[in-house]
Amino acid sequence: VVAAPFEMPRTPLPASALDLLDELQLGKYKQRFVREDLTDVAVLISMLQLGESGAADLRTMLREAGMTLGHRERMLLALSTRAQFDIPMRSRLNA
């Protein structure tokens with residue numbers, strides 16, 4: 001049985017990382033994200049905005065949460081591409 005290819009949603013990111021996991025068909029990681037307190041998408045996006053070191057740290061955190069390489073990259077792709085549909089982080093942080 002071959003699974004249907006995953007297609008990235010073209011919608012703004014949800015505020016909850018747990019909802020994002022569901023959207024990305026990665027719900028099996030929800031308990032680990034709660035245990036590691038990785039529940040806020042804004043925090044994950046902020047890490048990416050720190051540049052290469054932030055992205056590396058985020059990859060490490062996702063690996064420690066038990067995500068496979070492919071799943072980590074799916075999450076990072078969603079965070080980096082879908083964030084453009086959202087309110088810019090600087091605007092939210094200054095509000």
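Helices here are DSSP runs of at least four residues, numbered from the N terminus. The model described is a predicted one. The protein has 6 helices and 0 strands. Read along the sequence, the pattern is α-α-α-α-α-α.

The overall figures come next. The protein has 95 residues, and 34% of them count as buried. Among the contacts with a separation of 6 or more, 58% join residues 24 or more positions apart.

Helix H5 covers residues 69–82. H5 holds 14 residues. From the first C-alpha to the last, H5 reaches 20 Å, close to the 20 Å expected at 1.5 Å a residue. Which residues of H5 are buried? They are His71, Arg72, Met75, Leu76, Ala78, Leu79 and Arg82. Seen down the axis of H5, these buried residues fall within an arc of 165 degrees, so they line one face of the helix. An α-helix has 3.6 residues a turn, so residues three or four places apart point the same way. The buried residues of H5 pack against H1, H2, H3 and H4. Of these partners, H2 spans residues 30–35 and H3 spans residues 41–48.

Helix H4 covers residues 52–64. With 13 residues at 1.5 Å a residue, H4 should span 18 Å. Its end C-alpha atoms are 18 Å apart, which agrees. Gly54, Ala55, Leu58 and Leu62 are buried in H4. Down the axis of H4, the buried residues fall within an arc of 100 degrees, so they line one face of this helix as well. Glu52 and Glu64 are exposed on the other side of H4. The buried residues of H4 pack against H2, H3 and H5. Just after H4 comes glycine 66, with a positive phi of about 95 degrees.

Charged side chains also form links. How many salt bridges does the structure hold? There are 3. One of them joins arginine 82 and glutamate 23, with the closest N and O atoms 2.6 Å apart. Arginine 82 lies in H5, and glutamate 23 lies in helix H1 (residues 17–23), so the pair ties together parts that are 59 residues apart in sequence. Are the two partners buried or exposed? Arginine 82 has a relative accessible area of 1% and is therefore buried, the cut-off being under 20%. Glutamate 23 is partly exposed, with a relative accessible area of 32%.

Another salt bridge links arginine 59 to glutamate 73. Here the closest N and O atoms are 2.9 Å apart. Arginine 59 belongs to H4 and glutamate 73 to H5, so this pair ties together parts that are 14 residues apart in sequence. Arginine 59 counts as partly exposed, at 33% relative accessibility. Glutamate 73 also counts as partly exposed, at 31%.

The side chains of aspartate 22 and lysine 30 meet in a salt bridge too, at 2.8 Å from N to O. Aspartate 22 is partly exposed, with a relative accessible area of 40%. Lysine 30 has 28% relative accessibility and counts as partly exposed.

Two loop residues have backbone angles worth noting. Where does glutamine 25 lie? Glutamine 25 is in the loop between H1 and H2. This residue has a positive phi of about 60 degrees although it is not a glycine. Its relative accessible area is 59%, so glutamine 25 is exposed, the cut-off being over 50%. Aspartate 37 sits in the loop between H2 and H3. Aspartate 37 is not a glycine either, yet has a positive phi of about 55 degrees. At 62% relative accessibility, aspartate 37 counts as exposed.

Methods:
Residues numbered from 1 in each chain as written. Predicted model: local features only at pLDDT ≥ 70, side-chain atom pairs only at ≥ 80, totals over all residues. Heavy atoms only, no water. Salt bridge = Lys/Arg side-chain N within 4 Å of Asp/Glu carboxyl O. Buried < 20%, exposed > 50% of the residue type's maximum accessible area, 1.4 Å probe, protein only. Expected span 1.5 Å × (residues − 1). Arc of directions from axis to C-beta. Contact = heavy atoms within 4.5 Å.
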